[in-house]
Amino acid sequence: MRPSRYNFREAEPRWQKSWDEAKTFATRTDDPRPKYYVLEMFPYPSGRIHMGHVRNYAMGDVVARYRRAKGHAVLHPMGWDAFGMPAENAAMEKKSHPATWTYQNIATMKAQLKSMGLSLDWAREFATCDPSYYRHQQAMFLDFLSGGLVARKTSKVNWDPVDQTVLANEQVIDGRGWRSGALVEQRELTQWFLKISDYSDELLSALDSLPRWPEKVRLMQANWIGRSEGLMVRWALDAATVPAGETELEIYTTRPDTLFGASFMAIAADHPLAKSASAKNAELAAFCEECRRMGTSQAVLDTAEKRGFDTGIRAIHPLVPGKTVPVYVANFILMDYGTGAIFGCPAHDQRDHDFATKYDLPIIPVVRAADLTDDVANAAFRREDPPVTEDGILFNSGFLDGLNVADAKEAVARKLETASLDNRPVGTRKVNYRLRDWGISRQRYWGCPIPIIHCEACGTVPVPKKDLPVKLPDDVTFDVPGNPLDRHPTWKHVNCPQCGLKARRETDTMDTFVDSSWYFARFTDPFNESEPTTLSAIQKWLPVDQYIGGIEHAILHLLYSRFFTRAMTKTGHATLSEPFDGLFTQGMVVHETYKNADGAWVPPADIRIETVEGERRAVEIASGQPVSIGAIEKMSKSKKNVVDPDDIIASYGADTARWFMLSDSPPERDVIWTEDGVQGASRFLQKVWRLVGDAVALPTGDSGQLHPVTKAAHKAILAVGEDVERLRFNRCVAHIHELSNALAEALASPDATKNADQIKAATRILVQLFAPMMPHLAEECWTELGGEGFVADAAWPVGDASLIVEDQLLLPVQVNGRKRADVSVPAEADNATVEALVLADASVQAALGGKPVRKVIVVPKRIVNIVV
RNA sequence: GCCCCUGUGGCGGAAUUGGUAGACGCGACCGACUCAAAAUCGGUUUCCGCAAGGAGUGCUGGUUCGAUUCCGGCCAGGGGCACCA
């Protein structure tokens with residue numbers, strides 16, 4: 001006897017087991033069908049999956065299952081981004097080991113993912129903390145090193161003096177360490193860098209080759225790379241004012257057109273000229289030291305005033321004979337951008353204006369509004385006027401007078417390129433990038449060890465590949481701050497592989513972004529034990545056809561992966577440059593927040609929503625006390641507005657959770673999790689269950705007439721297919737609702753029996769259309785309908801467009817742009833016929849009210865507009 | 001400060017990219033079934049109006065036979081970058 005309600009508790013685990021046993025979702029490397037690689041950003045094993053994961057993996061699973069049905073060999077793997085600080089923090093708090101904590105979390109989360117019924121090939125699973133994964137990463141690091149893609153440099157870093165570690169910029173909040181709360185210091189450390197800046201230009205220009213990426217992400221990456229075109233200009237220094245050995249100062253500018261407005265030069269405290277000038281000037285040396293100590297965190301920068309110190313050096317203007325300007329050391333000049341030196345033009349730059357005001361330097365306007373004359377502009381100018389940064393007409397600028405900004409830039413570049421100082425050009429065009437090399441050294445335990453040995457005699461020596469992996473030692477302690485690797489009694493003491501003398505292992509580990517920069521490539525053949533990748537597998541499966549994840553990775557992870565793929569290709573580990581052909585960034589899962597009278601956050605599970613006199617109210621279930629309803633925000637533990645996927649799957653089932661996640665909200669936008677919404681999804685699931693039961697119960701019968709339900713089914717096939725391919729899952733859901741409504745109508749009609757065959761065929765189509773979204777229910781219904789094997793293995797139905805075509809069209813008719821009537825016309829009628837039919841229509845004539853027709857516009861199959 | 005995105009019913013959102021604004025769902029209301037409730041089924045639901053009709057996609061101007069869609073200005077919300085020369 002068929003139960004009246006679908007029992008997901010019994011059915012879901014049963015189907016998951018059946019798929020497992022049949023190896024339905026195992027990917028075969030020798031599968032000859034066209035490939036399709038679907039990948040969702042792999043999770044960090046933080047403990048439990050959250051609703052964001054459910055949304056992400058539900059979307060990816062729809063794509064994977066749809067592509068399987070369309071006849072692709074689908075690669076849809078899953079793994080774990082398993083290194084990182086939370087494991088060490090947990091180890092400190094719970095006195096356990098990061099590995100224990102991590103692998104336990106993986107076990108828990110894997111079981112949770114399995115309960116979602118995802119079509120994953122679990123045979124390819126790995127965690128980045130497995131030595132079998134990171135050994136290959138170490139091998140690639142060595143190849144990158146010999147390929148010239150790695151540099152060891154000294155740079156300023158954020159240093160947390162309490163936790164004794166380097167912090168990423170994202171981990172510095174208001175100038176303090178995010179964990180310790182200690183004021184972050186700037187420290188010079190020697191670190192390992194990957195030379196991503198060698199690829200600045202290519203990473204930027206190749207963005208144009210990624211049409212299937214969101215425009216927003218490409219734009220964010222372009223801004224991050226930050227290309228600017230400008231001019232390097234060498235200024236001679238007044239010999240009477242310079243320290244011995246200094247003769248010139250080279251600056252970088254994007255506004256060479258404003259050179260005539262120069263009133264000072266400013267150099268960074270770390271600039272070589274600042275250092276040589278400091279040698280004989282104690283006051284200047286002290287100022288430079290102060291600048292260096294100043295942090296570069298947001299909080300410091302926002303409040304710090306612009307300060308400078310006159311070095312006494314005078315620079316000779318390259319275009320104005322006899323003019324010199326003072327050279328300052330200034331605290332707002334960065335050594336690592338451009339040349340670490342600028343010329344200041346206070347009239348056309350806010351910072352320069354602030355500086356000139358403070359030190360009472362000249363302000364010379366050189367760009368004026370086009371509708372003024374030079375005299376009017378000069379007469380109207382006041383020192384306190386805000387700097388003019390818009391385009392305009394050059395004045396007070398010698399040979400540039402009368403030109404616009406763009407032309408003036410070009411004119412200056414031409415002139416200075418040919419001018420010479422010490423037999424070299426004064427000016428050189430130069431493209432600069434904001435993108436810096438990627439510092440990957442972390443003073444952390446739970447990361448991939450950098451396979452280097454430091455030898456007093458031989459310098460930095462790579463660990464021989466035969467000695468890989470450099471494995472993390474297990475016996476470490478977390479009771480004191482700092483890097484456990486560094487204080488481990490034996491681990492770092494090794495002999496130099498070159499000279500055999502006593503040497504020291506590198507105790508820094510790699511940034512965890514390195515781990516995630518190539519996992520997608522490893523998935524193509526995780527079984528290869530001797531090499532990171534298998535080129536034939538790379539060629540077969542990459543690029544990833546559809547990558548899905550959060551927008552928070554728009555820059556770092558995606559940019560690093562694009563760089564890494566190029567680096568892998570350069571070192572023979574890959575054969576392409578762009579890893580992700582299609583990228584989709586999904587929105588967050590958000591929920592209402594609740595606060596009780598004491599101001600404490602209350603989780604949604606502890607409250608009940610009631611409607612009193614048309615007003616929504618929340619009440620705490622345990623106490624019966626009213627709770628205030630707050631803003632809708634991203635689910636977060638701190639605000640307790642979280643809904644546990646386990647609870648939802650237990651009370652509604654995975655299919656309901658998946659269906660709700662895909663309904664209503666467009667996938668790129670945030671989705672608001674509501675109890676009403678989940679119940680609606682659950683109701684639809686049961687409705688489908690009843691419809692299928694009713695259809696199965698029908699005897700066979702065919703009226704021989706095309707039934708509307710067949711039209712509806714074929715319309716839905718075409719619409720759902722198109723919308724899945726464009727990842728518009730909310731529209732897919734709407735189309736499926738429409739088909740189910742048509743089916744319900746057909747089943748309720750008295751002539752259902754006469755049309756049983758068409759109704760059953762339409763039901764079967766319905767099941768196939770929602771199968772990627774609610775796979776368990778679909779299998780259950782498929783079996784009832786007598787389908788062969790799994791619906792997961794069935795071919796996607798073919799939509800017949802000819803069945804949808806109507807022979808009569810109901811054309812809307814507008815009069816002066818306002819809809820007045822609908823007129824039925826033959827679908828194939830030409831414009832003249834349509835016009836005649838429309839004008840003959842009684843309701844149209846009534847709407848015209850006898851006014852003369854001036855013009856009739858017929859848009860075929862769309863609309864008719866009559867102008868009177 | 002610079003760059004970008006988004007504003008449509010009570011709510012989430014559709015609208016074939018210049019052609020019937022409000023698909024589909026949620027909520028609400030009315031009705032049927034029931035002793036009753038739940039579930040289910042039928043109906044109503046942009047606003048004003050009894051109706052005929054009129055207004056309506058943040059505001060405002062424009063282009064067009066026709067604008068949610070294109071262009072200009074403004075307002076609001078959100079995001080990215082930021083002493084980057």
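**Cavities, a pocket and the RNA-facing surface of chain A**

The largest cavity holds about 90 Å³ of space, in a predicted model in which local features need pLDDT of at least 70 and side-chain atom pairs count only at pLDDT 80 or more, while totals for chains, interfaces and linings use all residues. Residues are numbered from 1 along each chain as its sequence is written, chains are lettered from A and ligands numbered from 1 in the order in which they are written, and side-chain values use heavy atoms, with hydrogens and water left out.

Rolling a probe the size of a water molecule over the atoms shows where empty space is left. On a 1 Å grid over the protein atoms alone, a cavity is a set of points where a 1.4 Å probe fits but cannot get out, whereas a pocket is an open set with protein on both sides within 12 Å along at least five of seven lines, and lining residues have an atom within 4 Å of a point. Grid points are joined across faces, edges and corners, and a volume is the space filled by probe spheres set on the points. By this rule, two cavities of 30 Å³ or more are counted. The lining of the largest cavity is formed by R65, A69, Q768, A771, P772, V791, A792, A794, A795 and W796. These lining residues divide into eight nonpolar, one polar and one charged, where Ala, Val, Leu, Ile, Met, Phe, Trp, Tyr, Cys and Pro count as nonpolar, Asp, Glu, Lys and Arg as charged, and the others, Gly among them, as polar.

The second largest cavity has a volume of about 30 Å³ and is lined by Q137, F141, F144, L194, M510, V514 and F564. Six of the residues in this lining are nonpolar and one is polar, with no charged residue. Helix α5 (residues 131-146) gives the most to the lining of the second largest cavity, with three residues; helices (H or I, at least four residues) and strands (E, at least two) are DSSP runs, numbered from the N terminus.

Among the open spaces, the second largest pocket has a volume of about 590 Å³. Its lining comprises 26 residues, of which H591, Y594, P604, T674 and E675 lie nearest the centre of the pocket. The elements that give two or more residues to this lining are β28 (589-595), β29 (607-612), α19 (645-652) and α21 (675-697), and the largest share, five residues, comes from β29. By class, the lining of the second largest pocket has 13 nonpolar, five polar and eight charged residues.

RNA strand B is surrounded by 45 residues, the closest being T254, K306, L334, R731 and N865, with a residue taken as near a strand if one of its heavy atoms lies within 4 Å of it. Sugar and phosphate account for 62% of the atoms of RNA strand B that come within 4 Å of the protein. Elements giving two or more residues to the surface near RNA strand B include α7 (215-225), α21 and β36 (863-867), and α23 gives the most, with six residues. The residues of this surface divide into 18 nonpolar, 11 polar and 16 charged.

Two individual residues were also examined. L558, placed in helix α18 (residues 556-570), counts as buried because its relative accessibility is 0%, where buried means under 20% relative accessible area, exposed over 50% and partly exposed in between (1.4 Å probe, protein chains only). Not counting residues up to four places away in sequence, L558 touches M41, W213, V217, Q221, Y547, H553, F580 and L583, contact meaning heavy atoms within 4.5 Å. L558 and S516 are 42 residues apart in sequence and 9.4 Å apart in space, C-alpha to C-alpha. H271 is found in the loop between β10 (264-267) and α8 (272-278) and, at 9% relative accessibility, counts as buried. Leaving aside neighbours within four places in sequence, H271 is in contact with L249, M335, T339, G340 and A341.

For chain A as a whole, there are 27 helices and 36 strands, and 52% of the 868 residues count as buried.
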